[in-house]
Amino acid sequence: VNGFTDWTYMAIAIGGLTVITFLTRSAFFLLPSKVQLPPAWDRALRHAPACALAAIVAPSVLTRDHQPFIAWDNHQLWAVLVAVPVFVRWRSMTVLIGVGMAVFTLLRLI
Amino acid sequence: MSLLFPTVDRASLRAGVRAMGPITVAIGVWGIVTGVAIVNAGMPEVTALVFSFTVFAGAAQLATLPLLAVGAPLPVVWVTAMLVNTRFVFFSATARRYFAHLPVAQRLVAGYLNGDLPFAMFLRHHGDDEAHGTPQQYGYFFGLTGVNWAVWHVASVVGILLGGLAPAQWGLDLAASLALLGVLVPMAERLPPLAGVVVAAVLSVLLVDVPMRLGLLVAIVAGVAVAVVAEVGSSRRAVAGGAS
């Protein structure tokens, strides 16, 4: 079965996904404005963006084929281990990406 | 005034656009990687363009891709997208005090535009404000999210059209990860968020094989919980230190 070529299936699927995009992103905006969230919730959820970014980045660097991949030949891991301290020192996104990609490419080619 | 946007302060709008400067690299690379992945999974280009423009959620698009490829039951596809998007529900709870009193159409637009990176930037700048819903905040928010939206879509289209031209071994996905780290690292330089970030990272790796990207959700919830505990602990110590 290939879902991609079934136009009706894809149209309904994408339509539903669009609605889900709006509903999840606006979920709490749609509550009446009188409803107040407890302040403790507010403080806690301010950590959500940082934790979400970590949970998106970490599997990309530290897993392969749905398995943890922490090994000497994980070139991406080495690239990150070198580039992040350089970034902490120099504060430049360009330097971060440049150094990381340079380390990765070097390890890949040798 | 317009139907879809609240009144914004123009200087703040420009400040938001400028603040996105270096981060557009992250969004651009991430968008290209997502576009390439979608086409390489076998989705026809026209469908891929519609998919990208309407769904506008990279992680959810990548998570539902293998399901759509095999024609998985629609409820499974939708529940997967909802779970991957749960972090936006958390974001909307935090952002609510800035937007709750606006007309529904404006709330929906603000929610639709609210992405991981611009929201992190917004909180860094306006997270501690006393007043909520000012034209300055709206200006900054729509500057950030507008750039995010535009760059993301241009990049996805480039990725979709380029398809397999950039070989996987070049490590474009690493460039995207590095760029995300460039936003994450400055947020994690105090102990409470750092503790949460470490826990979220470890759990997301250990739970990577859990179906429907549920591991992502568990990792975020656990990370937030640990950050809160660390925050309570550090403020207690601060109080105790002050009293002695």
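Me: Is Asp65(A) buried or exposed?
Reply: The model is predicted, so local features need pLDDT of at least 70 and side-chain atom pairs pLDDT 80 or more, while totals for chains, interfaces and linings use all residues. Residues are numbered from 1 along each chain as its sequence is written, chains are lettered from A and ligands numbered from 1 in the order written, and side-chain values use heavy atoms, leaving out hydrogens and water. Buried means under 20% relative accessible area, exposed over 50%, and partly exposed in between, with a 1.4 Å probe and protein chains only. Because its relative accessible area is 66%, Asp65(A) is exposed.

Me: What is the phi of Asp65(A)?
Reply: Most residues other than glycine have a negative phi. Asp65(A) sits in the loop between β1 (63-64) and β2 (67-68) of chain A; strands are DSSP runs of E, at least two residues, and helices are runs of H or I, at least four, numbered from the N terminus. Although not a glycine, Asp65(A) has a positive phi of about 50°.

Me: Where is Arg91(A), and what is its phi?
Reply: Arg91(A) is in the loop between α4 and α5 (93-109) of chain A. Its relative accessible area is 42%, so Arg91(A) is partly exposed. Its phi is positive, in a residue other than glycine, and is near 60°.

Me: Which backbone oxygen does the side chain of Thr18(A) reach?
Reply: Thr18(A) belongs to helix α1 (residues 7-25) of chain A and counts as buried because its relative accessibility is 18%. At 2.8 Å, the side chain of Thr18(A) reaches the backbone oxygen of Ile14(A).

Me: How are α3(A) and α4(A) oriented to each other?
Reply: Helix α3 (residues 48-62) and helix α4 (residues 75-90) of chain A pack at about 125°, with axes 8 Å apart; axes are lines fitted to C-alpha atoms over the stretch in contact, and angles run from 0 to 180 degrees between N-to-C directions. Angles under 35 degrees count as roughly parallel, over 145 as roughly antiparallel, 65 to 115 as roughly perpendicular and the rest as oblique. Therefore α3(A) and α4(A) are oblique.

Me: Which residues of α4(A) meet α3(A)?
Reply: From α3(A), the residues are Ser60(A), Val61(A) and Leu62(A). Their partners in α4(A) are Gln76(A), Leu77(A) and Val80(A).

Key. A polar contact is a pair of N or O atoms within 3.5 Å; within protein, one must be able to donate a hydrogen and the other to accept it, and residues adjacent in sequence count only if both atoms are side-chain atoms. Contact means heavy atoms within 4.5 Å.
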